[in-house]
Amino acid sequence: MTGESYINAAFLRDEIARLSEMIGTARQMIAIGDPVDLEPVGEGVAALCSVVAKLPQDQSVALREDLEALNIRLDRLGNDIQARIAANDQPNFEMPDR
């Protein structure tokens with residue numbers, strides 16, 4: 001493995017970790033009912049996918065576990081969002097008086 005490949009892999013793993021942390025923070029905010037701006041997560045995931053798609057296969061395969069773990073976190077975030085929406089659509093949800 002060349003030095004450049006190592007730097008790229010290390011950088012990408014750092015980016016995956018950063019996105020994972022952002023997802024964790026978003027999940028915490030959703031759990032307590034705070035508003036969440038998911039645009040930075042979406043932009044980060046899109047940028048990461050763009051870079052990974054351009055990597056040679058051996059390098060992208062080396063990131064598979066990290067990417068799969070990130071995908072699981074994204075799925076859980078989606079589930080949290082759906083659960084929050086469903087909870088807010090229940091008949092016992094109180095709307096403020098006008």
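## Contacts and overall layout

Among contacts (heavy atoms within 4.5 Å) between residues at least 6 apart in sequence, 73% join residues at least 24 apart. This is a predicted model, where local features need pLDDT of at least 70 and side-chain atom pairs count only at pLDDT 80 or more, while totals for chains, interfaces and linings use all residues. Residues are numbered from 1 along each chain as its sequence is written, and side-chain values use heavy atoms, with hydrogens and water left out.

The chain has four helices and zero strands, with helices being DSSP runs of H or I, at least four residues, and strands runs of E, at least two, numbered from the N terminus. Along the sequence that reads α-α-α-α. Of the 98 residues, 20% count as buried (under 20% relative accessible area; exposed is over 50%, partly exposed in between, with a 1.4 Å probe and protein chains only).

Take L12: skipping neighbours within four places in sequence, L12 is in contact with L48, V51, V52, L55 and L63.

## Helix α2, face by face

With 16 residues, α2 reaches 23 Å from first C-alpha to last, close to the 22 Å expected at 1.5 Å a residue (that is, 1.5 Å times one less than the number of residues). Its buried residues are V41, G44, V45, L48 and V52. Down the axis of α2 they fall within an arc of 95°, so they line one face of the helix; the arc is that of the directions from the helix axis to the C-beta atoms. The face turned away from that buried side carries exposed A53 and K54.

## Salt bridges

There are three salt bridges, each a side-chain nitrogen of Lys or Arg within 4 Å of a carboxyl oxygen of Asp or Glu. R13 pairs with D66, closest N and O atoms 2.8 Å apart. R13 sits in α1 and D66 in α4, so the pair ties together parts 53 residues apart in sequence. R13 is partly exposed at 34% relative accessibility, and D66 is partly exposed at 26%.

R27 and D80 form a salt bridge with closest N and O atoms 2.4 Å apart, again linking α1 to α4. R18 and E15 meet at 2.8 Å, N to O; being three residues apart in α1, they are separated by about one helical turn.
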